[in-house]
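Dear colleague,

Please read the notes with the model open beside them.

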Amino acid sequence: MLSEIVAKLGGTLRGEDRRIERLAPLDTAGQDDLAFLANPKYRRRMDACEAGAVIVTPALADDLADTRPLILAEDPYLYFARVATLFHPVAPPVEGIHPGSTVGEGSRVGKGTEIRELVSIGRHVTIGENCKIYPGVVIGDEVSIGDSVTLHANVTVYHGCRIGDRVGIHSGSVIGADGFGLAWTGEDWFKIPQTGRVIIEDDVEIGANTTIDRGAMADTVIRRGAKIDNLVQIAHNVQIGEHSAIAGCVGIAGSTRVGAYCTVGGAAMFVGHIDIADKTHIGGGTLVSKSIRTPGTYASSYPMSTMKDWMANAVHLRHLDDLVKRVKRLEREQKTRNNREDDTDE
Amino acid sequence: MLSEIVAKLGGTLRGEDRRIERLAPLDTAGQDDLAFLANPKYRRRMDACEAGAVIVTPALADDLADTRPLILAEDPYLYFARVATLFHPVAPPVEGIHPGSTVGEGSRVGKGTEIRELVSIGRHVTIGENCKIYPGVVIGDEVSIGDSVTLHANVTVYHGCRIGDRVGIHSGSVIGADGFGLAWTGEDWFKIPQTGRVIIEDDVEIGANTTIDRGAMADTVIRRGAKIDNLVQIAHNVQIGEHSAIAGCVGIAGSTRVGAYCTVGGAAMFVGHIDIADKTHIGGGTLVSKSIRTPGTYASSYPMSTMKDWMANAVHLRHLDDLVKRVKRLEREQKTRNNREDDTDE
Amino acid sequence: MLSEIVAKLGGTLRGEDRRIERLAPLDTAGQDDLAFLANPKYRRRMDACEAGAVIVTPALADDLADTRPLILAEDPYLYFARVATLFHPVAPPVEGIHPGSTVGEGSRVGKGTEIRELVSIGRHVTIGENCKIYPGVVIGDEVSIGDSVTLHANVTVYHGCRIGDRVGIHSGSVIGADGFGLAWTGEDWFKIPQTGRVIIEDDVEIGANTTIDRGAMADTVIRRGAKIDNLVQIAHNVQIGEHSAIAGCVGIAGSTRVGAYCTVGGAAMFVGHIDIADKTHIGGGTLVSKSIRTPGTYASSYPMSTMKDWMANAVHLRHLDDLVKRVKRLEREQKTRNNREDDTDE
């Protein structure tokens with residue numbers, strides 16, 4: 001019932017109470033579904049929408065001549081997300097270690113933690129309570145893992161890494177592989193021992209097939225509440241600040257520090273050894289080539305066009321310096337003439 | 001024998017019949033090899049080529065004074081690909097479930113399907129006939145897989161996903177991990193339950209270490225015959241149209257729909273919530289920043305040059321708006337002067 | 001003791017001998033630590049640095065009024081790397097095959113090689129001496145692996161691939177998946193059998209979640225001493241030259257040849273079928289769109305700016321061709337006027 005949702009999560013119910021079967025997007029919701037409208041730009045979609053009830057802002061509700069039940073909430077998207085957790089509770093882990101898994105000597109597994117089959121846990125590993133470790137996970141020696149951590153199938157955690165509480169890591173991600181540290185001898189590359197660790201603090205979530213390298217001497221650190229998407233590369237000694245969110249396909253080169261509360265769009269790339277201020281926002285595809293001291297929004301992508309237009313325009317980029325010089329010359333000549341004419345006019 | 005190939009695959013044999021030992025590229029083929037020449041641009045390579053026989057177009061054959069046996073086919077590359085399947089038949093799976101694997105309760109495995117060792121299959125999973133599941137594969141609960149599917153080593157399929165017939169997924173790919181759905185509470189990120197699925201239709205092939213996230217509420221859908229390369233990121237609620245081909249390192253952000261018969265070059269990136277028309281072709285490295293309504297070829301990459309030239313030119317991009325204004329001013333002054341001179345002339 | 005280090009690795013000790021407990025970066029090193037200073041640009045950091053001893057160049061040492069012990073070496077970074085291997089020796093493998101692993105018929109494992117649990121080794125595989133194969137590794141049939149090779153957890157090597165001596169491959173990497181070879185039939189994509197192999201020569205190191213596809217007919221080849229970082233995509237038939245180093249998130253399309261002694265910055269992308277000269281250096285994020293015949297440094301990225309500036313400037317890129325034409329017209333008019341004035345002057 002809508003009233004039960006409001007009782008649990010706050011907000012105001014406008015219109016009559018009713019039963020809700022499931023959640024759905026505005027454009028596909030049916031009569032028994034609850035939808036949400038966050039962006040006033042899409043308000044027209046309300047007319048065609050068949051949802052049994054909708055979550056909207058109080059401001060928008062006043063504007064709408066909508067007769068169906070509405071839940072009024074300041075942030076409809078966030079409210080909807082909270083409702084979703086009511087409808088889709090996460091199953092608790094089933095305590096126990098599957099006999100088809102291996103736990104090395106000196107390792108301890110906390111109460112309520114489930115270790116599924118085909119898991120390899122090294123020596124002197126500590127795993128907290130109520131964790132869920134899926135099949136195919138490999139955990140190296142001396143790793144420490146907090147409480148309520150989920151490691152999805154085929155995740156690898158190298159020796160010595162530390163993972164806090166309530167961390168989730170999706171399948172295929174690799175935590176703590178060697179960083180790309182090489183010194184040129186004059187004949188070949190000499191590998192620099194990567195002796196640091198990866199430290200993942202509490203409430204971090206990491207997507208699938210992401211790689212976070214161990215530090216070279218210091219540690220690579222992902223701070224509390226940071227969220228990292230799929231196929232992200234985080235190099236050795238990088239630090240990601242608290243509550244920063246990093247979208248898919250991003251790469252961050254060695255020793256770069258990203259501040260707190262930053263957001264990074266997909267496929268952005270950071271060079272190494274730079275500092276990014278707190279609350280910086282980086283557009284998708286941006287090559288972040290130097291430190292950013294002033295919070296704000298930054299971008300660098302070449303704008304898309306048709307191939308024909310691109311071919312006509314892009315060729316000039318190779319001669320832009322020349323073009324600028326030509327404009328300067330024109331300005332100079334223009335100025336000379338203007339001066340001459342002024343003289344003549346006198 | 002060449003005549004047997006022509007009997008099976010069509011085309012015309014010109015010259016005498018002979019035995020062929022193997023297939024090879026034009027430039028390394030030996031006397032017992034069959035090669036192909038698809039692009040007339042490379043016809044000169046025929047002279048140096050030692051191949052025992054070559055597949056060419058009828059048009060090109062007429063032009064060539066080549067005395068060796070030729071197979072004439074309209075599309076030599078496609079013809080060659082078909083010959084290759086004759087020379088390299090795929091071994092059929094060996095029915096049976098390896099005792100070192102785990103199949104959850106309520107799961108069914110079809111006739112002729114081979115489950116190799118170290119495989120984890122969840123509960124209520126359906127796997128069709130003649131599939132091949134390699135070691136290290138992890139399949140979550142309630143997954144449905146059709147006939148003649150190959151899951152290579154260390155693939156992960158999350159709970160509830162659906163995979164059609166004749167699908168191939170290469171090692172390390174992750175199907176159905178949570179999408180990157182976050183709502184900001186004012187203090188931290190609130191995770192939005194990702195309750196949709198991934199639907200992979202028939203005849204799809206997916207490369208290695210690619211990630212396809214489950215939908216947030218709706219499903220992520222890869223339509224019939226689509227082909228996806230390695231290290232591709234497909235976010236939640238994305239739809240890929242029939243027979244579209246997506247090259248390596250591409251990222252597609254949430255809820256974007258790519259039409260049918262599209263091709264996407266390597267490392268292209270799509271922002272979220274956009275629509276791409278059928279038969280659109282995207283150049284490598286393009287940032288697709290808005291919907292494309294008109295089929296065609298699109299591009300956006302910055303042209304490569306030497307670092308020295310790049311440094312001279314790229315700096316002006318930050319002042320391009322200023323440059324355009326300067327040219328406008330010059331034009332205005334020029335025009336004023338032209339008008340004045342016209343007045344003088346009268 | 002510093003004197004022991006110098007005795008083993010060369011260089012000169014300036015100042016008094018002392019005991020060193022560990023290695024550390026210049027800015028966090030304590031009294032018992034050894035640090036290094038490679039870049040004279042950072043020499044001021046010496047003043048604040050508390051390291052017990054520092055490795056510097058002889059030239060820099062002459063310049064510094066530093067009273068603590070110094071080790072003088074021509075390349076302090078390389079010297080430091082060598083010291084690190086003294087402080088962090090790698091544990092040798094423990095000979096033996098874990099009973100929870102599977103070795104196919106006709107396969108041989110050399111002396112001193114350790115096969116951990118949950119490993120799958122196919123038929124007719126050869127693995128040399130002193131290798132270490134971590135849990136979750138899957139090796140296909142007829143693979144050949146040399147001596148002193150380390151395959152980290154969850155690595156996949158497909159059938160028929162060849163790996164030389166002293167190769168290291170980090171977790172999640174996939175060697176030998178099918179290349180993205182497709183021919184369009186007019187109705188759908190026809191898969192071209194990928195019948196080549198991946199050949200990895202001696203002393204190659206490969207990062208985590210990298211993919212190297214098998215050749216289509218020929219082989220994909222990674223030559224001696226090449227170093228490849230995380231999340232790199234190397235397509236079918238590519239060749240990487242000796243001692244070339246490729247940073248994270250790079251993609252190299254099919255049949256491209258990268259020469260020897262090249263360096264490739266992160267997220268650079270190469271189109272297919274091109275040749276890159278030996279000793280070429282590619283900047284991060286560069287789209288390498290054609291062959292490079294002349295060694296040197298190349299770049300192509302759009303420079304970063306604030307979103308506001310970017311929006312003001314980037315829009316003009318779509319009209320750059322028009323801008324160039326306008327400048328040409330201005331120049332023409334200017335020239336006509338100059339000529340006329342010259343005439344008038346006469």
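This is a predicted model: local features need pLDDT of at least 70, side-chain atom pairs count only at pLDDT 80 or more; totals for chains, interfaces and linings use all residues.

Helix packing within the chains

In chain A, helix H1 (residues 2-9) packs with helix H4 (residues 76-87) at an angle of about 110°, the two axes being 11 Å apart; H1(A) and H4(A) are therefore roughly perpendicular to each other. On the side of H1(A) the contact is made by Ile5(A), Val6(A), Lys8(A) and Leu9(A), and on the side of H4(A) by Tyr79(A), Arg82(A), Val83(A), Leu86(A) and Phe87(A). Sorted by class, the residues of this contact of H1(A) with H4(A) are 7 nonpolar, no polar and 2 charged.

Chain B has helix H1 (residues 2-9) and helix H4 (residues 76-87) packed at an angle of about 110°, with their axes 11 Å apart, and H1(B) and H4(B) are therefore roughly perpendicular to each other. Here H1(B) brings Ile5(B), Val6(B), Lys8(B) and Leu9(B) to the contact, while H4(B) brings Tyr79(B), Arg82(B), Val83(B), Leu86(B) and Phe87(B). The contact of H1(B) with H4(B) divides into 7 nonpolar, no polar and 2 charged residues.

For chain C, the axes of helix H1 (residues 2-9) and helix H4 (residues 76-87) come within 11 Å and cross at roughly 110°, so that H1(C) and H4(C) are roughly perpendicular to each other. In this contact, Ile5(C), Val6(C), Lys8(C) and Leu9(C) of H1(C) meet Tyr79(C), Arg82(C), Val83(C), Leu86(C) and Phe87(C) of H4(C), and the residues involved comprise 7 nonpolar, no polar and 2 charged.

The interface of chain C and chain A

Turning to the contacts between chains, 67 residues from chain C and 70 residues from chain A take part in the contact of these two chains. The area buried between chain C and chain A is about 5500 Å², with carbon and sulfur atoms giving 65% of that area. Within chain C, the residues that lose the most area to chain A are Met304(C), Arg318(C) and Gln334(C), which together make up 12% of what that side buries.

Between chain C and chain A the count is 2 salt bridges, and one of the pairs in a salt bridge is Lys191(A) with Glu205(C), whose side chains meet at 2.9 Å, N to O. There are also 24 residue pairs in polar contact across the interface of chain C and chain A, both residues being at pLDDT 80 or more. The elements of chain C that each supply at least two residues of the side touching chain A are H4, strand E26 (227-228), strand E29 (245-246), strand E38 (305-306), helix H5 (307-314) and helix H6 (320-345). H6(C) gives the most to that side, with 12 residues, and by class the side of chain C that touches chain A has 32 nonpolar, 21 polar and 14 charged residues.

The interface of chain B and chain C

The contact of chain B with chain C takes 67 residues from chain B and 69 residues from chain C, and the area buried between them is about 5500 Å², of which 65% comes from carbon and sulfur atoms. Met304(B), Arg318(B) and Gln334(B) supply 12% of the area that chain B buries against chain C, more than any other three residues.

Across the interface of chain B and chain C there are 2 salt bridges; Glu331(B) forms a salt bridge with Arg326(C), in which the closest N and O atoms are 2.8 Å apart. The residue pairs in polar contact across the interface of chain B and chain C number 25, both residues being at pLDDT 80 or more. Among the elements of chain B that each supply at least two residues of the side touching chain C are H4, helix H5 (307-314) and helix H6 (320-345), and the largest share of that side, 12 residues, comes from H6(B).

A loop residue in chain B

Finally, Pro25(B) lies in the loop between strand E2 (22-23) and strand E3 (33-36) of chain B. Leaving aside its neighbours within four places in sequence, Pro25(B) is in contact with Ala35(B) and Met217(C).

With best regards

Key
Residues are numbered from 1 along each chain as its sequence is written. Chains are lettered from A and ligands numbered from 1 in the order in which they are written. Side-chain values use heavy atoms; hydrogens and water are left out. Axes are lines fitted to C-alpha atoms, for helices over the stretch in contact, and angles run from 0 to 180 degrees between N-to-C directions. Helices (H or I, at least four residues) and strands (E, at least two) are DSSP runs, numbered from the N terminus. Angles under 35 degrees count as roughly parallel, over 145 as roughly antiparallel, 65 to 115 as roughly perpendicular and the rest as oblique. Contact means heavy atoms within 4.5 Å. Ala, Val, Leu, Ile, Met, Phe, Trp, Tyr, Cys and Pro count as nonpolar, Asp, Glu, Lys and Arg as charged, and the others, Gly among them, as polar. Buried area is the accessible area (1.4 Å probe) that two parts lose on being put together, summed over both. A salt bridge is a side-chain nitrogen of Lys or Arg within 4 Å of a carboxyl oxygen of Asp or Glu. A polar contact is a pair of N or O atoms within 3.5 Å; within protein, one must be able to donate a hydrogen and the other to accept it, and residues adjacent in sequence count only if both atoms are side-chain atoms.
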